Amino acid sequence: MDFLKASTLEEKLDLIQTLAGPFSERAAANDLEGRFAFENIQDLKETGYTKLTVPQNYGGGGISLYELVRLQEAIAVADGSTALSIGWHMGIFMHLSETRTWNGQLFERICRAAAGEAALINTCATEAQTGSPTRGGMPETTATEKNGEWVLNGRKTFATMSPVLDFFIITATIPKKEAVGSFVVPRETAGLSVVETWDSIALRATGSHDVVLENVKVPLANLAEIQTKKKEPAGYLLHIPACYLGIAEAAKREAARFAKSYTPNSLNHPLAELPAIRQKFGEIELKLMQARHFLYSVAKMWDEAGAEQRKEMGPELGAAKMAVTNHAIEAVDLAMRIVGARSLSEKSPLQRYYRDVRAGLHNPPMDDAVLMQLGARV
């Protein structure tokens with residue numbers, strides 16, 4: 001198996017299916033134990049999946065956004081936690097490849113590590129006091145230049161995939177510049193530690209723990225970029241709704257399996273043949289069709305747009321995330337109504353899908369911000 005050797009999207013999707021069985025089998029135990037999906041991420045590394053969004057000139061696959069959302073959705077059908085976790089790594093490389101805002105030599109070094117040793121990265125931006133960085137708060141984590149190095153101090157929350165990250169992209173306030181910088185910190189750097197705090201009831205296998213930085217020293221060249229106050233639209237964030245769409249698809253399949261196999265003694269045929277049940281499946285399918293068409297079309301629009309056009313796509317990206325996520329939540333709810341009280345059993349994957357899909361409400365951009373953005377456009 002090698003995703004880089006697969007020449008078409010269909011071939012890549014077929015490779016995802018070979019991984020889906022083991023991912024799905026591990027999902028329930030990882031969720032129950034709150035254990036990070038180590039084996040799943042390792043499988044994705046060994047098969048070359050994690051290299052697909054690295055630029056081709058550095059040894060990666062350079063895939064499109066449309067391909068990314070299709071692949072991420074397929075992973076999420078098997079395990080939402082794995083999809084959301086690896087989605088950040090995949091998306092960040094895609095974003096940096098498109099924007100090229102980083103120090104060139106540093107970007108090449110990280111790309112070479114990702115394409116060569118399958119190194120993993122993620123941004124650690126959220127903090128307890130500032131909340132989501134999309135709300136505009138300045139990080140309380142600081143970066144001070146001292147003796148030819150940057151010295152970082154602070155604490156980050158929701159550092160997804162922190163148990164296996166090779167590089168942490170730390171956002172920190174630079175007091176002298178009154179600006180926010182992004183710093184690349186290798187995992188083995190002295191003073192960096194991961195504190196296992198992740199106790200969410202949703203996406204429990206993402207390893208979204210806290211990262212603590214105590215006098216962490218990195219070279220001056222590890223300042224990747226100074227952030228601008230104006231946030232440009234970021235297409236890669238569509239990996240988020242793709243994840244929740246996949247979870248909803250999994251819920252639909254589980255409800256269908258149950259309805260086709262369960263015959264209560266009040267009927268002489270499976271539950272699936274009842275008109276009321278078929279109507280609910282029709283509602284689920286309609287919501288998922290609407291979500292897919294919206295998500296895929298916006299992803300394709302991004303792929304076909306030029307740099308200037310992409311700057312105007314913030315409302316489309318936000319609307320796609322909001323619509324897909326909310327449709328996914330509604331679809332999972334309908335699936336649980338079909339199955340009934342059994343859907344609340346710990347043995348049923350539906351209760352996990354229900355918890356996991358609701359996490360989408362708290363991933364950026366949030367619904368209120370999307371609606372305000374759409375209102376401003378009007």
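A crossing of two helices is called left-handed if the near helix is turned anticlockwise from the far one by less than a right angle, and right-handed if it is turned clockwise. With that in mind, the crossing of α9 and α11 in this predicted model is left-handed, whereas α3 and α6 cross in a right-handed way, and the crossing of α1 past α3 is right-handed too. The points below take up these helix pairs, then the nonpolar core, and then some details of the backbone.

**Helix α3 with helix α6**
- Helix α3, which covers residues 65-78, packs against helix α6, residues 239-261, at an angle of about 40°, and their axes are 7 Å apart.
- Angles under 35 degrees count as roughly parallel, and α3 and α6 are therefore described as oblique to each other.
- The contact is formed on the α3 side by Val 69, Gln 72, Glu 73, Ala 76 and Val 77, while α6 contributes residues including His 239, Ala 242, Cys 243, Leu 245, Gly 246 and Arg 253.
- Sorted by class, the residues in the contact of α3 with α6 are 8 nonpolar, 3 polar and 3 charged.

**Helix α1 with helix α3**
- Helix α1, made of residues 9-33, has an axis that comes within 7 Å of the axis of α3, and the two cross at roughly 25°.
- That angle makes α1 roughly parallel to α3, since the cut-off for this description is under 35 degrees.
- Where α1 meets α3, the residues of α1 include Leu 9, Leu 13, Ile 16, Ala 20, Phe 23 and Ala 27, and those of α3 include Tyr 66, Arg 70, Leu 71, Ala 74, Ile 75 and Ala 78.
- The contact of α1 with α3 has 11 nonpolar residues, together with 2 polar and 3 charged ones.

**Helix α9 with helix α11**
- Helix α9, residues 314-339, packs with α11 at an angle of about 140°, and the axes of these two helices are 9 Å apart.
- Only angles over 145 degrees count as roughly antiparallel, so the angle found here makes α9 oblique to α11.
- The residues of α9 in this contact are Gly 314, Pro 315, Glu 316, Gly 318, Ala 319, Met 322 and Asn 326, and they face Asp 367, Val 370, Leu 371, Gln 373, Leu 374 and Arg 377 of α11.
- By class, the contact of α9 with α11 holds 6 nonpolar, 4 polar and 3 charged residues.

**The nonpolar core**
- In soluble globular proteins, nonpolar side chains tend to be buried together.
- The largest nonpolar core of this model contains 118 residues, and those with the most contacts inside it are Tyr 49, Ile 86, Trp 102, Leu 152, Leu 238 and Tyr 244.
- If neighbours within four places in sequence are left aside, Ile 86 is in contact with Ile 41, Leu 44, Tyr 49, Thr 50, Gln 72, Ile 75, Leu 120 and Met 161.
- Among these partners of Ile 86 are Gln 72 and Ile 75; Gln 72 also takes part in the contact of α3 with α6, and Ile 75 in the contact of α1 with α3.

**Backbone details**
- The peptide bond that runs from Pro 364 to Pro 365 is cis, with omega near -10°, and Pro 365 is placed in the loop between α10 (349-358) and α11 (367-377).
- Phe 158 is not a glycine, and yet its phi is positive, at about 55°; this residue lies in strand β3, residues 149-159.
- Phe 158 has a relative accessible area of 52% and is therefore exposed, because the cut-off for that word is over 50%.
- Asn 215 likewise has a positive phi, of about 50°, although it is not a glycine, and its place is in strand β7, residues 209-219.

Conventions. Residues are numbered from 1 along each chain as its sequence is written. This is a predicted model: local features need pLDDT of at least 70, side-chain atom pairs count only at pLDDT 80 or more; totals for chains, interfaces and linings use all residues. Side-chain values use heavy atoms; hydrogens and water are left out. Axes are lines fitted to C-alpha atoms, for helices over the stretch in contact, and angles run from 0 to 180 degrees between N-to-C directions. Helices (H or I, at least four residues) and strands (E, at least two) are DSSP runs, numbered from the N terminus. Angles under 35 degrees count as roughly parallel, over 145 as roughly antiparallel, 65 to 115 as roughly perpendicular and the rest as oblique. Contact means heavy atoms within 4.5 Å. Ala, Val, Leu, Ile, Met, Phe, Trp, Tyr, Cys and Pro count as nonpolar, Asp, Glu, Lys and Arg as charged, and the others, Gly among them, as polar. A nonpolar core is a set of buried Ala, Val, Leu, Ile, Met, Phe, Trp, Tyr and Cys residues joined through side-chain atoms within 4.5 Å. Buried means under 20% relative accessible area, exposed over 50%, partly exposed in between (1.4 Å probe, protein chains only).
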